[in-house]
Amino acid sequence: MPEPTHEFDRPYWERHWHSAHRAAIREPNPYLARETRDLTPGTALDAGCGEGAEARWLAARGWTVTAADISAGVLARCAEAAPEVDWVRADLTTWTPATPFDLVMTHYAHPAIPQLDFYQRIAGWVAPGGTLLVVGHRPGAGHGHHPAEATATAAATTARLDPVRWQVVTADEPTRTRPGRAAPLHDVVVRAHRRN
């Protein structure tokens with residue numbers, strides 16, 4: 001089977017979210033509750049927020065949330081559903097936030113740069129004492145619609161974090177199933193605390 005290719009640019013994501021529009025509000029990723037349960041609410045960035053389930057979940061628990069995505073269409077729907085979140089249209093390969101955040105997270109976001117470069121880029125937006133949370137796809141584990149550069153292992157992700165600056169708290173590669181879907185998801189979950 002040939003390797004799939006995607007540009008992961010703005011037109012791609014506008015098409016993706018237009019075709020994926022559903023009336024039901026998606027539940028947040030289950031790793032979010034697990035990995036943030038001991039954190040004190042502060043400022044958070046959801047990088048590549050898509051339909052915004054994780055951003056809304058954090059906002060409902062006292063976080064001040066900025067949610068950024070390249071798709072204007074999906075953000076318009078999000079802003080209508082949850083005006084308490086600051087929804088920002090941004091190309092995360094070039095955009096830089098004005099201030100760092102106590103929590104920077106991303107869930108299955110795929111920008112138009114290699115996945116590991118993206119993770120390293122958003123790690124720079126975490127404030128000292130803050131947390132980076134990365135949830136992504138594991139390579140070669142049934143994600144046939146994702147090109148190789150849109151996946152990363154936990155080991156490769158943590159290798160991009162300078163151990164002088166970062167303490168890795170979670171480096172996990174779990175498998176889970178979603179209701180109504182037969183194929184399992186083979187995930188990568190990395191959480192790291194920024195020391196300074």
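Is Cys 78 buried or exposed? Hold that thought for a moment, everyone. What we have here is a predicted model, where local features need pLDDT of at least 70, side-chain atom pairs count only at pLDDT 80 or more, and totals for chains, interfaces and linings use all residues. Residues are numbered from 1 along each chain as its sequence is written, and side-chain values use heavy atoms, with hydrogens and water left out.

Back to the cysteine. Cys 78 is buried, at a relative accessible area of 2%; buried means under 20%, exposed over 50%, and partly exposed in between, using a 1.4 Å probe and protein chains only. Cys 49 is buried too, at 4%. With a disulfide defined as two cysteine sulfur atoms within 2.5 Å, the count is zero. For Cys 49, the nearest cysteine sulfur belongs to Cys 78, 5.3 Å away.

Now to the strands. Helices (H or I, at least four residues) and strands (E, at least two) are DSSP runs, numbered from the N terminus. Six of the seven residues of strand E4, residues 101–107, are buried, so the rest of the structure largely encloses this strand. Strands pair if DSSP finds at least two bridges between them. E4 pairs in the parallel sense with E1, residues 43–47, over three bridges, and Asp 46 has Met 105 as its partner in E4. Six bridges join E4 to the parallel strand E5, residues 126–137.

Finally, helix H5, residues 115–123, includes Gln 115. Gln 115 is buried, with a relative accessible area of 1%, and a polar atom of its side chain sits 2.6 Å from the backbone oxygen of Ala 109. Thanks, everyone!

Note on methods
Polar contact = N/O pair within 3.5 Å; in protein donor to acceptor, adjacent residues only side chain to side chain.
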